[in-house]
Amino acid sequence: MNIISVKELNEKAKTLLAASPDLNDVWVQGEISNLTKHSSGHYYFTLKDQDSEIRCTLFRFTRSRLAFEPELNMKVLALGSMEVFIPKGSYQFNIQDMRRSGIGDLYLAYEALKAKLGKEGLFDQSRKRKLPRYPLRIGVVTSPTGAAIRDILQVTGRRFPADIVIAPALVQGDGAAASIVHAIESLNKLDVDVMIVGRGGGSIEDLWAFNEEAVARAIHASRVPVVSAVGHETDFTIADLVADVRAPTPSAAAELLLPDRSQEMRHLQQVTGRAEKALRGSLDRMCSRYRLAEAQLSPRKALMDLRHRNQLLDEASTSMDNLMLRRLERQRARLQSLGSSLVALSPLQVLSRGYCVLQSAQGKALVSIEQLSLGDKVTALLRDGKVTAVVEEKEAKR
Amino acid sequence: MTEGKDVETMGFEEAMASLEELVSKLEKGDLDLESSLLVYEQAVALRERCKAILEQSERRVQKLIDGPEGPELKDFE
């Protein structure tokens, strides 16, 4: 009886597998699951199809040469060999090369649709519409929870103020195309000035909805101009080709649509500056026209006129002074004559001419015989004194 | 043109276009002084309008939802 160790057993199996052409350098198709990306750089996962599965190793060196990043649920074609992992007594598929499968079909579909729609004229430059210079309301067709809407809101917030209407849509997976079409149609019922249709970057499968005919047709039928913003891959999607303008990312779409606030402010200042300059220009022209007209009038004549006028003015003011003086003198003379009349009117002056004033005993001036009775005492005022007398007789004037 | 239109209700695009139009009119220089001043005055009013729009930073973010009577708008966030 030949007894061997467990290790020897596994080594025999390993040698057997390594020698079998059916198990070396073979292509296997399957889907990636249980993916572990080890910190060492090696990837471990299970490749499975409907009926079976196999543990796989993808060492760092091989992985670094792959044209894509392996992800969970990805369909792949893997070239490798079956090996036995001696410490565990398990066997595994060691991958030497790997390609994405199914992509070929997608590319074919993409090219076929591109040719078909191109022939129909959906990509014609002549039907691309101009975007509004200052949109007031922007529609956004994207996932309300994705990175795209966050980027758009962030960028639009610091640029020219515009309202945003989000039309939520599924941007990947089953029903994405129908959902995007529905959102585009809904936005067309509102008064948005322009719309962004897009999502953040992803693999070709993730972006696939933007390569579907229904989405292309909805963009084509949109009354509102469309800016596509699908990921940041170099390849154009069909949506990019149909859209009025293609932006490489959602942030770029927002920047492209809304002018920069400070730039607009500078533009405004510039335009106003031009207005001021033009106004100053016409003022200057007016001024020089005026000066020209002025020069055409004879300057000597103008000077003479001026001197003459000054003289007249001087004279006038002199005569005015004289007039005032004369007037003052007249007033003084009048005052003096008035003074003498006043003196002449004084009753005392009358007395000096031989008249007298007769007063009652009560000192009242008497003018009529009716004021007196016989025997009444009266006082007569004379120039140098007074005398008292008694009424002895009364006789009225006839 | 700006005559007979209320500057205060103009959108930015319209106000800016009117402003640019007035400025080129001024720059032609074939207006008499009084008209120049009038045009300049209008230009200043338009500039103020544009500035006001630029400085007002409020904007609305809404979300479209399917209601029983078609699309409806709700505030977002």
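Mentor: Two strands pair if DSSP finds at least two bridges between them, and helices (H or I, at least four residues) and strands (E, at least two) are DSSP runs, numbered from the N terminus. We are looking at a predicted model, where local features need pLDDT of at least 70, side-chain atom pairs count only at pLDDT 80 or more, and totals for chains, interfaces and linings use all residues. Residues are numbered from 1 along each chain as its sequence is written, while chains are lettered from A and ligands numbered from 1 in the order in which they are written.

Trainee: Thanks! Which strands of chain A are the edge strands of the open sheet?

Mentor: The sheet is made of 3 strands of chain A in the order 11-12-13, with antiparallel pairing. An edge strand here pairs on one side only.

Trainee: What does the twist average from one strand to the next?

Mentor: Angles run from 0 to 180 degrees between N-to-C directions, and axes are lines fitted to C-alpha atoms, for helices over the stretch in contact. From one strand of this sheet to the next, the average twist is 30 degrees.

Trainee: Which residue in strand 13 of chain A stands opposite L381(A)?

Mentor: Strand 12 of chain A (residues 377–382) runs antiparallel to strand 13 of chain A, and 6 bridges join them. Opposite L381(A), strand 13 of chain A places K386(A).

Trainee: Moving back along chain A, how many bridges join strand 4 to strand 5?

Mentor: Strand 4 of chain A (residues 75–85) is antiparallel to strand 1 of chain A (residues 26–37), with 6 bridges between them; in that pairing, V28(A) has A78(A) as its bridge partner. Strands 4 and 5 of chain A form a hairpin with 4 residues between them, and G89(A) in the turn has a positive phi of about 65 degrees. L77(A) has R99(A) as its bridge partner in strand 5 of chain A. Between strand 4 and strand 5 (residues 90–100) of chain A, antiparallel again, the number of bridges is 10.

Trainee: Within what arc do the buried residues of helix 4 of chain A fall?

Mentor: A residue is buried if 20 or more other C-beta atoms lie within 10 Å of its own, exposed if 12 or fewer, and partly exposed in between, with C-beta atoms placed from the backbone. In helix 4 of chain A (residues 147–157), the buried residues are A148(A), I149(A), D151(A), I152(A) and T156(A). The arc is that of the directions from the helix axis to the C-beta atoms. Seen down the axis of helix 4 of chain A, these residues line one face of the helix, because they fall within an arc of 160 degrees.

Trainee: Is G200(A) buried or exposed?

Mentor: G200(A) sits in the loop between strand 8 and helix 6 of chain A. Two residues are in contact if their C-beta atoms, placed from the backbone, lie within 7 Å; leaving out residues up to four places away in sequence, G200(A) touches G146(A), A147(A), A148(A), G231(A) and P250(A). With 22 other C-beta atoms within 10 Å, G200(A) is buried.

Trainee: How far apart are the axes of helix 5 and helix 6 of chain A, and what is their orientation?

Mentor: Helix 5 (residues 176–188) and helix 6 (residues 213–221) of chain A pack at an angle of about 10 degrees, with their axes 8 Å apart. Angles under 35 degrees count as roughly parallel, over 145 as roughly antiparallel, 65 to 115 as roughly perpendicular and the rest as oblique. The distance is therefore 8 Å, and the orientation is roughly parallel.

Trainee: How do the residues of that contact of helix 5 with helix 6 of chain A divide?

Mentor: From helix 5 of chain A come A177(A), A178(A), I180(A), V181(A), I184(A) and E185(A), which meet A214(A), V215(A), A218(A) and I219(A) of helix 6 of chain A. Ala, Val, Leu, Ile, Met, Phe, Trp, Tyr, Cys and Pro count as nonpolar, Asp, Glu, Lys and Arg as charged, and the others, Gly among them, as polar. The division is 9 nonpolar, no polar and 1 charged.

Trainee: Which element gives the most to the side of chain A that touches chain B?

Mentor: Chain A brings 31 residues to the contact and chain B brings 32. On the chain A side, the elements giving two or more residues are strand 7, helix 5 and helix 9 (261–296) of chain A. With 14 residues, the one that gives the most is helix 9 of chain A.

Trainee: And what is the bridge partner of I164(A) in strand 1 of chain B?

Mentor: Strand 7 of chain A runs parallel to strand 1 of chain B (residues 61–67), and 3 bridges join the two. The bridge partner of I164(A) is V61(B).
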